Structures are given as structure tokens and as C-alpha cells.
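Welcome! Here is a friendly tour of the open spaces, the ligand site and a few backbone details of one protein model. Please take a look at it before reading on.

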Amino acid sequence: MIDIEKIRSDFPILKREINGYPLVYFDNAATSQTPKKVIDTIVDYYSNYNANIHRGVHTLSQEATDKYEEARKKIQQHFNIRKTHEVIFTSGTTHGINLVASGFSSLLNEGDELLVSAMEHHSNIVPWQMLAEKTGAILKVIPMNEKGELEMDAFERLLSLRTRMVFCNHISNALGTVNPIKQIIEKAHKVGAAVLIDGAQACPHLKPDLQELGVDFYTVSAHKMCGPTGVGVLYGKEEWLKKLPPYQGGGEMIAEVTWEKTTYADLPHKFEAGTPNIAGGIAFGAAIDYLNEVGMDEIAAWEKELLDYGTEKLQQIKGLKIYGTATEKTSVISFNIDGLHPYDIGTIIDKLGIAVRTGHHCAQPIMEYYKIPGTVRASFAFYNTKEEIDRLVEAVERARKMLL
Ligand SMILES: *Cc1c(COP(=O)(O)O)cnc(C)c1O
């Protein structure tokens with residue numbers, strides 16, 4: 001069981017008041033809050049051992065390098081990744097996906113097919129559209145149903161020997177759907193296609209075993225899992241990372257540079273040009289430690305309780321409709337109220353201290369599917385409480401009465 005009082009005391013921001021009310025933070029799917037342990041790690045870095053890594057012989061540089069590489073190992077262990085050098089530090093999920101998309105431009109031919117799920121974040125759509133345009137590959141969409149679940153039969157029909165890659169998020173940030181990625185990976189591999197899973201929304205809620213999944217690429221962002229912004233990880237299978245060309249040229253990613261010929265560094269450095277977000281990487285490691293101290297199973301159990309409670313309570317509001325009712329779902333509730341614009345609801349409840357997101361959640365094709373301009377999205381984390389959900393319900397009810 002989660003000790004909610006103890007956990008809440010770990011997050012300084014949860015003591016804030018907004019417009020005279022205690023903050024209720026339900027925008028966790030956009031970014032999570034940061035525990036003191038992670039904040040302290042960043043302060044410690046800049047206060048005590050700030051230095052550039054990998055190249056220095058001096059003590060500070062060695063300390064910073066050791067801590068940064070320790071963080072890489074922590075991430076490797078957390079996701080059960082086979083080799084440390086399969087962990088590539090990035091600035092986040094968007095960067096990781098673009099890195100892979102850019103690399104594949106030299107591996108695709110005209111007429112090759114790419115399959116993307118209908119419920120992707122724009123960052124797992126646009127890079128592939130750009131890739132398709134560049135290479136003449138064809139992007140096809142795996143459809144979803146009204147509940148916000150992928151149509152697996154249609155997926156199987158779309159798969160063929162022309163399919164080179166499949167992209168899907170592990171969990172949808174707009175609907176909360178947990179996609180059957182193990183099945184997707186297995187089926188894609190049968191036709192020889194590579195699979196990239198966008199794990200940005202999944203890893204705050206669960207702990208994927210990447211070896212067991214057998215996935216080719218998997219991306220995460222630290223800021224969705226109690227870490228800082230501007231840092232993330234791309235996991236890639238060694239054989240793929242060896243095959244892909246470097247993404248950016250610069251320092252750190254080379255073995256030797258001459259005017260005649262430059263050779264590239266070994267993994268992971270081949271994909272880590274320039275000075276990285278050193279403090280961020282180390283703090284990402286601290287965030288993973290923190291999540292494991294709380295316990296991923298405990299987190300999942302508490303968030304399930306919050307999801308069930310919130311779903312039941314919100315449904316009692318007149319005219320409220322929830323989008324995304326998949327059987328396998330995490331703690332995201334996207335909803336609208338008949339006749340009201342999501343933006344107006346969001347604005348009113350912010351005045352009551354409640355932070356939710358309104359709009360298309362970087363997933364416009366989903367909104368197009370439901371023929372709506374957007375939704376109000378309340379997304380819960382393990383530091384949220386049922387009392388906070390009661391406040392949300394009360395505030396939404398108040399907004400409804402004011403606006404209708
Ligand atoms: C947040 C999110 C992204 C983008 O992550 P960045 O950290 O902004 O790069 C991509 N996909 C999903 C599912 C997300 O939730």
C-alpha cells in the first residue's frame with residue numbers, strides 16, 4: 001500500500017496554492033511533478049561536480065562521468081536492457097523518434113510500407129510522414145474503435161512483406177489505452193518489420209521488460225516519470241543501432257576526424273553528439289530510484305483505484321462523456337460535457353486551483369475520429385488522492401452550472 005502522506009511530502013510543489021486553493025495537479029500526462037530527491041540531485045551536481053564528461057582527466061570531470069554512466073546503468077537495469085550501450089541518452093521521446101526516423105531514410109525504398117497506429121502523439125506521426133515523403137515509402141494507419149482500442153484484425157490485414165516498420169505508443173496520452181504491444185511486436189516480426197514503441201506515457205505507470213518484449217526501439221522522456229525536462233532515453237537493439245547512421249555530427253560521436261575521412265565512435269556515443277544534459281541524465285537516474293522505492297506495482301495499484309474512483313464520480317455529472325473506455329487503461333480520463341467547450345471548463349476549474357489539460361493533447365487524429373475539437377483531460381499520478389478527485393468533480397459541476 002502507498003503511504004500517500006509520506007509520498008506527498010516528497011513533492012515540494014504539492015504544497016502550493018493556486019488562486020487561493022491548494023493545488024490539485026491532474027496534468028500528469030503532460031509532465032509529472034518532481035520529488036525533492038531529484039531536485040536535490042540537480043542542485044548537488046551544479047554545486048559540487050559540474051564539469052564536462054568523458055574527455056577530462058581532472059577529478060570533477062571523472063566524478064561527473066561516473067555519475068552519468070551510473071545513471072545509464074540504472075536505466076539499463078530498470079528496463080532490463082541487455083547491454084549498457086543500447087541505452088542512448090536523448091533530449092526526450094521526440095528526439096528519440098526523430099533519430100530513428102532520420103536513420104531509416106537510408107534504409108527504405110520507394111513503396112516500402114510503414115504502419116502507424118491511429119492513436120499516436122504527433123511526435124510519433126510527423127517524423128514518419130517526413131520520412132515517407134523523403135523516401136517514397138507509404139504510411140498506413142492501423143485503425144481504432146470507439147472505445148479507443150486498436151483493431152488488431154485490421155492490423156494483421158495491413159501487415160505484409162512490404163511492411164518495414166510499425167509504430168505504436170505503449171499507452172495513449174489522450175485516451176489512456178494500454179496497447180497490446182507484445183502481440184504487435186510478435187506479429188510485425190513475423191513479416192520482418194522493425195517496431196518502435198513510444199513509451200513516454202507508459203513508463204510513469206508500469207515497468208516494461210524490453211528484452212522480454214523483444215522490441216527494436218523504445219523511447220521514454222524523464223519528465224513524465226518524475227525526472228527533469230530535456231532528457232530521455234532511446235533504447236535500440238544493438239544490431240539496429242549498428243546499422244543506423246549517426247543522427248548528428250559533432251564532438252563526442254567521433255573516433256577520429258581528419259579532412260580525408262572521419263570515423264564514428266562506438267555505441268552509445270555514435271548517437272550522442274555534443275555535450276549532453278549531464279545533470280538531467282543523472283537526475284533521471286535518481287527519478288528511477290525514487291519510483292522503485294515507491295514501487296511500480298504499488299504505483300499501478302493506487303492509480304487503478306484513482307482511475308476507477310474518478311471514472312465513477314465523473315460519470316455522475318450530467319451530460320459528461322468519457323472518451324477512451326478501453327478494457328486495458330491507465331489513469332487518464334478524457335471527457336467533454338454536452339454543449340460546452342473544453343477550454344471553458346479548464347479555465348474555470350483553474351480558478352479553483354485545479355490543473356487539467358484541455359485541447360487535442362498533441363493527438364489531432366484522435367479528435368478527428370471522435371469529431372470533437374478536443375477534450376478535458378484529467379490524468380492522475382500516484383501522489384494524487386481521492387479527495388482531489390472529489391474537488392475536481394465538484395469544480396466541473398460548478399463549471400457546468402455556470403456555463404450552461
Ligand atoms: C509526452 C509524449 C510524447 C512527447 O514527449 P516529449 O518529452 O515531449 O518529447 C510522445 N508520445 C507520448 C505518448 C507522450 O505522452
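This is a predicted model: local features need pLDDT of at least 70, side-chain atom pairs count only at pLDDT 80 or more; totals for chains, interfaces and linings use all residues.

## The ligand and its contacts

Residues are numbered from 1 along each chain as its sequence is written, and side-chain values use heavy atoms, with hydrogens and water left out.

Residues surrounding the ligand (a heavy atom within 4 Å of it) include T93, H121, N173, D198 and H223.

## The largest pocket

Rolling a probe the size of a water molecule over the atoms shows where empty space is left. On a 1 Å grid over the protein atoms alone, a cavity is a set of points where a 1.4 Å probe fits but cannot get out; a pocket is an open set with protein on both sides within 12 Å along at least five of seven lines, and lining residues have an atom within 4 Å of a point. Grid points are joined across faces, edges and corners, and a volume is the space filled by probe spheres set on the points.

The largest pocket holds about 410 Å³ of space. Its lining has 20 residues, with K304, L307, E328, K329 and T330 nearest the centre. Helix α11 (296–315) gives the largest share of this lining, seven residues (helices are DSSP runs of H or I, at least four residues, and strands are runs of E, at least two, numbered from the N terminus). Because domain 1 (4–30 + 295–403) and domain 2 (39–292) both contribute lining residues, the largest pocket lies between them; the domain bounds come from an automatic or database domain assignment.

About 310 Å³ of space lies in the second largest pocket. Its lining consists of 21 residues, and A29, A30, H121, N173 and K224 are the closest to its centre. Domain 1 and domain 2 each supply at least three residues to the lining of this second pocket.

The structure also has one cavity of 30 Å³ or more, and the largest cavity contains about 90 Å³ of space. Among the 15 residues lining this cavity, S32, P204, H205, K224 and A381 are closest to its centre.

## Backbone details

Most residues other than glycine have a negative phi, and most peptide bonds are trans. Against that background, L267 and P268 are joined by a cis peptide bond, with omega about 0°. P268 sits in the loop between β12 (262–264) and α10 (278–294).

N19 has a positive phi, near 50°, and is placed in the loop between β1 (17–18) and β2 (21–22). Phi is positive for C226 as well, near 70°; C226 belongs to the loop between β9 (217–221) and β10 (232–236).
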